[in-house]
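Me: I would like to go through a protein model one step at a time. Please show it, and then I will ask about it.

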Amino acid sequence: MAEVVRMPKMSDTMTEGVIAKWHKKVGDKVSTGDLIAEVETDKATMDFESYQEGTLLYIGAEEGSTVPIDAVIAVLGEEGEDYKSALEGNSTGGAEKAPANEADKPETKTPESESEPASTDEGIDPESVGATVIRMPLLSDTMTEGVIAEWHKKVGDEIKSDDTLADVETDKATMEVTAYAEGTLLYIGVEKGEAAKVNDVIAIVGKPGTDVQPLLKGGSKPKSADAKAEEPKAEARKEEVATATSSDADSRVKASPLAKKIAKDKGIDLSQVKGSAEGGRIVKKDIESFSPGAKPQAAAPATEAPAKDSKAAAPSIPQFIGEEKYTEKPVTQMRKTIGKRLSDSLFTAPHFYVTMSIDMDSAIAARAKMNEFAPVKISFNDIVIKAVAVALKQHPNLNSSWRGDKIRYNEHVNIGVAVAVDEGLLVPVVRFADGKSLSHISAEVKDFAQKAKNKKLQPADWEGSTFTISNLGMFGVDEFTAIINSPDACILAIGGISQVPVVKNGAVVPGNVMKVTLSCDHRVVDGAQGAAFLQTLKALIEEPVRLLV
């Protein structure tokens, strides 16, 4: 008897999955435990193994399509078995129409319907036309769209499986999109620099000469030779309009805005100035080199007459000529996401802040001693990460997150470390930081920083933080406040170490002080809890030997 295969729930937050790749095709034999597909979830791309046996009779979602949890994605049964009854009893779920359904209706087709492929966009099997659709993949848990930063292939190129097709700029980093099909690149649906939503068609690969129009949904079609031929005509029409507009303006004096301003300031009649630019247009240098004629000079005494009547001559103000200009750049995907997520955090979570000064004399001495033996150089930031992790085990309320109708108290400690890159900010995660040595933490943070610089961080590197640290001390910042990195309940802002006078044993002596500011989500953490956490953190950093116990 035919059995349906449904989209499984492969993570705690997953609501739908994308079929990244099918490892079986209709007609293949499937055994229990066989890998039948790769499913892209909200967390990562995972292997989907069959828990049933039989012949693959039906595939209900093509590669790259999004399918809700529990929707039918395939049917297994005996070879040649009629699986329609299994589908009819499991028609809900929202999976896309199956290619197999179209193949099962040859007797209902008429010559007229065969001549109208556009009407079958929703149910076309790419394999039936010898092509594979490449869609915009979900490359991070917060990605909603991607920008094509660079195409590595062009229409007509031969594509091999796992070739790099394009670089896609996501909200986190620029990542590679690889082909999961072989053939010729027939169609590019998104130009370089343009954005496409997750699951939109970005390319089609198949046999040369294949008609890809039936595979394009929503009326989108590849640029044909006729369309390309029309582009120069459109440009020519634009030029004609621009020329006509320019001709209408010939009756007026043609001058640049800067030239007009300078002429007005100097009292120069533009009709007396000869322009040196194209078409007789007057520019800045024409005004500066212009010598006024007799008429403007005759008018000068009349202008100066009021000055003679005044008791004191007006001060002479030198003239300065400047030019206003600016550069605009499109907002990157990363900057869009930073703006959205931090705005949501600040305007949704009620923030409060607690600041404390920490004596760093002992930490400075301990770090110098540690680096005599450590396999990698330990930084003050590494010491802070370790101290925060240890302190969180004593104050679990701060190692938590707001979940709407509940508060999640995490028993593991994953510290997000903010890393600045040219495009914005990334937060790779040091997992289980409380159990790692300072040398281990140092090596891991350095590796993350290098990956971030080279745009090699993967989604698994920045997901799952329970607390975040942002350190601007290396830039000479004394103290600052940071916006909480949702869904964490807290973020710690680290300032630089300053040499200041301090009182010790009743005497004023030189000291090294570092200020830290804790930002807390008041829905989860109260002021007294935040203050108690900072007290513990202060004690750990001021006596670093406690981190080793």
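Reply: The questions below concern a predicted model.

Me: Is Phe 347 buried or exposed?

Reply: Phe 347 sits in helix H9, which covers residues 333-348. Its relative accessibility is 68%. The cut-off for exposed is over 50%, so Phe 347 counts as exposed.

Me: Which residues form a nonpolar patch on the surface with about 390 Å² of accessible area together?

Reply: A residue needs over 30% relative accessible area to belong to a patch. Phe 347, at 68%, passes that cut-off. The patch consists of Leu 346, Phe 347, Tyr 353 and Ile 483.

Me: Which element supplies the largest share of the lining of the largest pocket?

Reply: The largest pocket holds about 1,400 Å³ of space and is lined by 49 residues. Strands S18, S22 and S24 and helix H9 each supply at least two of the lining residues. The largest share, 10 residues, comes from H9.

Me: How far apart are the closest N and O atoms of Glu 150 and Lys 192?

Reply: Side chains of opposite charge can pair when their charged atoms come close. Glu 150 and Lys 192 form a salt bridge, and the pair links distant parts of the chain, 42 residues apart. The closest N and O atoms lie 3.0 Å apart.

Me: In which helix do Lys 538 and Glu 542 lie?

Reply: The side chains of Lys 538 and Glu 542 meet in a salt bridge, with 2.8 Å from N to O. The two residues are 4 apart, about one turn of the helix. That helix, residues 527-542, is H14.

Note on methods: Residues numbered from 1 in each chain as written. Predicted model: local features only at pLDDT ≥ 70, side-chain atom pairs only at ≥ 80, totals over all residues. Heavy atoms only, no water. Patch = residues over 30% accessible without salt bridge, like charges linked within 9 Å, V, L, I, M, F, W, Y side chains within 5 Å. Areas by Shrake-Rupley, 256 points an atom, 1.4 Å probe, with all protein chains shown as cover. Salt bridge = Lys/Arg side-chain N within 4 Å of Asp/Glu carboxyl O. Buried < 20%, exposed > 50% of the residue type's maximum accessible area, 1.4 Å probe, protein only. 1 Å grid on protein atoms, 1.4 Å probe; cavity = no way out; pocket = protein on both sides within 12 Å on 5 of 7 lines; lining within 4 Å. Points joined across faces, edges and corners; volume = space filled by probe spheres on them.
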